[in-house]
Amino acid sequence: MPKLFQFLHKWLGFLMAPLMVMWFLSGFVMMYHSFPRVERASVLKTLDDLSPSDTLPHPAEALALYRRATSPDATIVSVGMEKRKGEILFFCPGAMEIYSFALRTGNPTPTHLLP
């Protein structure tokens with residue numbers, strides 16, 4: 001039985017060593033090479049245009065959506081609005097995360113859709 005373990009240990013180590021070396025070296029690459037940036041102009045190309053026929057809620061309604069998700073005394077630093085895939089998104093950065101909502105329904109939207 002010890003011979004079997006010795007055999008398996010030797011060959012599994014031989015097969016897994018290149019994987020571990022690649023993992024080690026890729027860590028150096030990820031430490032010192034920055035993640036590719038997306039230019040704002042290319043992000044704007046993917047957005048739909050807001051048209052006059054789009055009905056937008058009153059600012060007080062948008063503020064109520066934000067305060068319902070955060071806290072009643074939360075302050076807003078900045079606000080953004082964009083249209084993606086036909087849905088108008090309202091978003092505002094908070095202290096810890098970005099809160100975003102679909103304006104027609106008031107439902108939260110995934111923040112990975114935001115720039």
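**A tour from the aromatic cluster to the sheet**

Begin by selecting Phe7, Trp11 and Phe14, which form one aromatic cluster. The structure is a predicted model, in which local features need pLDDT of at least 70, side-chain atom pairs count only at pLDDT 80 or more, and totals for chains, interfaces and linings use all residues. Residues are numbered from 1 along each chain as its sequence is written, and side-chain values use heavy atoms, with hydrogens and water left out.

**Aromatic pairs**

Rings of Phe, Tyr and Trp (its six-membered ring) pair if their centres lie within 6.5 Å; planes under 30 degrees apart are stacked, over 60 edge-to-face, and the rest tilted. By this rule there are three aromatic pairs. Phe7 and Trp11 make a tilted pair, with 6.5 Å from centre to centre and 55 degrees between the planes. The two residues are four apart in helix α1 (residues 2-32), about one helical turn. Helices (H or I, at least four residues) and strands (E, at least two) are DSSP runs, numbered from the N terminus. Trp11 is partly exposed, at 40% relative accessibility; buried means under 20% relative accessible area, exposed over 50%, and partly exposed in between (1.4 Å probe, protein chains only).

Next, select Phe24 and Phe28, an edge-to-face pair with 5.1 Å between centres and 90 degrees between planes. Both lie in helix α1, four residues apart. Phe24 is exposed at 53%, whereas Phe28 is partly exposed at 37%.

**The sheet**

Now display the strands. Three of them form an open antiparallel sheet in the order β1-β2-β3; two strands pair if DSSP finds at least two bridges between them. β1 (80-84) and β3 stand at the edges with a single partner strand each, so one side of each has no neighbour in the sheet. The twist averages 25 degrees from one strand to the next, with axes fitted to C-alpha atoms, for helices over the stretch in contact, and angles running from 0 to 180 degrees between N-to-C directions. Five bridges join β1 to β2, and Arg84 has Glu87 in β2 as its bridge partner. Helix α3 packs on the sheet and touches β2 and β3, its direction making about 130 degrees with that of β3.

**The nonpolar core**

Finally, select Ala62, Leu65, Tyr66, Ile88, Phe90, Cys92, Tyr99, Phe101 and Leu103, the largest nonpolar core. Such a core is a set of buried Ala, Val, Leu, Ile, Met, Phe, Trp, Tyr and Cys residues joined through side-chain atoms within 4.5 Å. The elements giving two or more residues to this core are α3 (59-69), β2 (87-93) and β3 (98-102). Centre the view on Phe90: not counting residues up to four places away in sequence, its contacts (heavy atoms within 4.5 Å) include Ala62, Tyr66, Val79 and Tyr99.
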